[in-house]
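Subject: Structure handover

Hi,

Here is the structure for you to look over. My notes on the packing follow below it.

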Amino acid sequence: MIPVLKHQNLAKGVVEGLFEIFTNKQYADKVVPKLLQSNPKWGSRDRHAIAFTIYEMVRYWRLLCETAGYPLISEPTKHQIWKLIEVWMIVNELPLPSFDEFESLDAVTVKEKYRQLQSIRAVRESIPDWLDMMAELQLGKEWEQELAKLNQPAPLVIRVNTLKADKDKMMALCRELQINTSLVEGLPDALVIETNKQLVKTPAFQNGWFEVQDAASQLVAPFLNVQPGMLVVDACAGAGGKTLHLAALMKNNGQLMAYDTDPSKLVELKRRAFRNAAKIEVIPAKFPPDKNKSLLENTDRLLLDVPCSGLGTLRRKPDLKWKLTPVAVKSFEQTQQKILERYMPLLKKGGIAVYATCSILPSENEQQVAQFLKQYPNRYKLLENRRISSGQFGFDGFYMAKLQRID
């Protein structure tokens, strides 16, 4: 059921959120929590209504704009946002409150325009033309199914931290809190949270029992086949979701080193590692792994979760498609190749690396791996690769390639 913005202050919250996301170019996953935290008097239903409306309007921004008679608006005024909210309510057949900012649009005309636009895929699914054409060129007929799935809200998935808890313990807590959960086949530590409650505000989260992590992302660390006692390097750790998973799989036995070029992300990783009781060496960017001579040709396992377009995460980050450009995608591809060339020499003979992205584009995935192996045919080989389809798997889109050093 679609929640209704019954009160004007809730609608104003949506306007402020959308203005920050589009006009001030902020990211939705930062804007929405900040907006909700700044208004503690909103109840849980109000908060849900605001967050849901913002995300769904971002998801279908182009369709709403063209239904309202605008071209795609990249930097809307607040007046335009109010009109788009009115259109949103009309096409979803929600009761229209008598807000002064509404223009009393003719509902029949709005619905007819909305119906006509359904025949144009890029408008119906609300995606830039250049991105629709690029993805169709690379994915062919698969793109239709993938795009439709990427426009659906993402389920909330957690990974139980086996350094501190187990799945039975976590499920028992959820039952106690009247939170429904379900399992994910092939992922022993994953739980889908099916009840809209703030699980991250519970003592269980503060005590490190679990982390919020999409199911597709949880496939990456096991794909690396780490074992206790190994020397493992995560060269693009970010805030450390996969690094924490590696620590749990290694049972805190061995040497796990996390690097990233963004110091703020490493600060967050340190906080999360402490909460998770995870043994991780967090290394500042000024000491990149390729400058550490003890790692060169001595690393058992290497994770390269490289920067990418992030197109596989559109279910959770729908504003990403409005911030991407063709130039940005090309830049990511160049960075990916540089990272492969720079860090693969860390592997010892027989060592294994996983190249991973949360993109669905072959130009960032299979083509990158093929290009790298063509340059070094006698040094590395492809053991296995997997493209995780959001349309088929139901979670994020992902790609993973397992490479081994053979010389």
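Is Tyr380 buried or exposed? Tyr380 counts as buried, at 4% relative accessibility. Buried means under 20% relative accessible area, exposed over 50%, and partly exposed in between, with a 1.4 Å probe and protein chains only.

Some ground rules. This is a predicted model, where local features need pLDDT of at least 70 and side-chain atom pairs count only at pLDDT 80 or more, while totals for chains, interfaces and linings use all residues. Residues are numbered from 1 along each chain as its sequence is written, and side-chain values use heavy atoms, without hydrogens and water.

Aromatics

There are ten aromatic pairs in the structure. A pair is two rings of Phe, Tyr or Trp (its six-membered ring) with centres within 6.5 Å; planes under 30 degrees apart are stacked, over 60 edge-to-face, the rest tilted. Phe22 and Trp61 are stacked, because their ring centres lie 3.9 Å apart and their planes meet at 15 degrees. This pair links distant parts of the chain: Phe22 sits in helix H1 and Trp61 in helix H4, 39 residues apart. Helices here are DSSP runs (H or I, at least four residues), numbered from the N terminus. Both Phe22 and Trp61 are buried.

Tyr380 pairs with Phe372. The centres are 5.3 Å apart and the planes at 35 degrees, so this pair is tilted. Phe372 is buried too, at 1% relative accessible area. Separately, Trp82, Phe99 and Phe102 make up one aromatic cluster.

Cores

A nonpolar core is a set of buried Ala, Val, Leu, Ile, Met, Phe, Trp, Tyr and Cys residues joined through side-chain atoms within 4.5 Å. The largest has 42 residues, and Leu18, Ile54, Trp61 and Ile85 have the most contacts inside it. Helices H1 (8–23), H2 (28–37), H3 (44–59), H4 (61–67) and H5 (78–91) each supply at least two of its residues. H5 gives the most, with nine.

Ile85 touches Leu5, Ala11, Val14, Val15, Met57 and Phe102, leaving aside residues up to four places away in sequence. Contact means heavy atoms within 4.5 Å.

A second, separate core has 38 residues, including Leu219, Ala237, Ala247 and Ala278.

Cavity

Ala247 also lines the largest cavity, together with Met250, Asn252, Asn253, Gly254, Gln255, Leu256 and Lys279. On a 1 Å grid over the protein atoms alone, a cavity is a set of points where a 1.4 Å probe fits but cannot get out; lining residues have an atom within 4 Å of a point. The volume is about 30 Å³.

Best wishes

How values were computed:
1 Å grid on protein atoms, 1.4 Å probe; cavity = no way out; pocket = protein on both sides within 12 Å on 5 of 7 lines; lining within 4 Å. Points joined across faces, edges and corners; volume = space filled by probe spheres on them.
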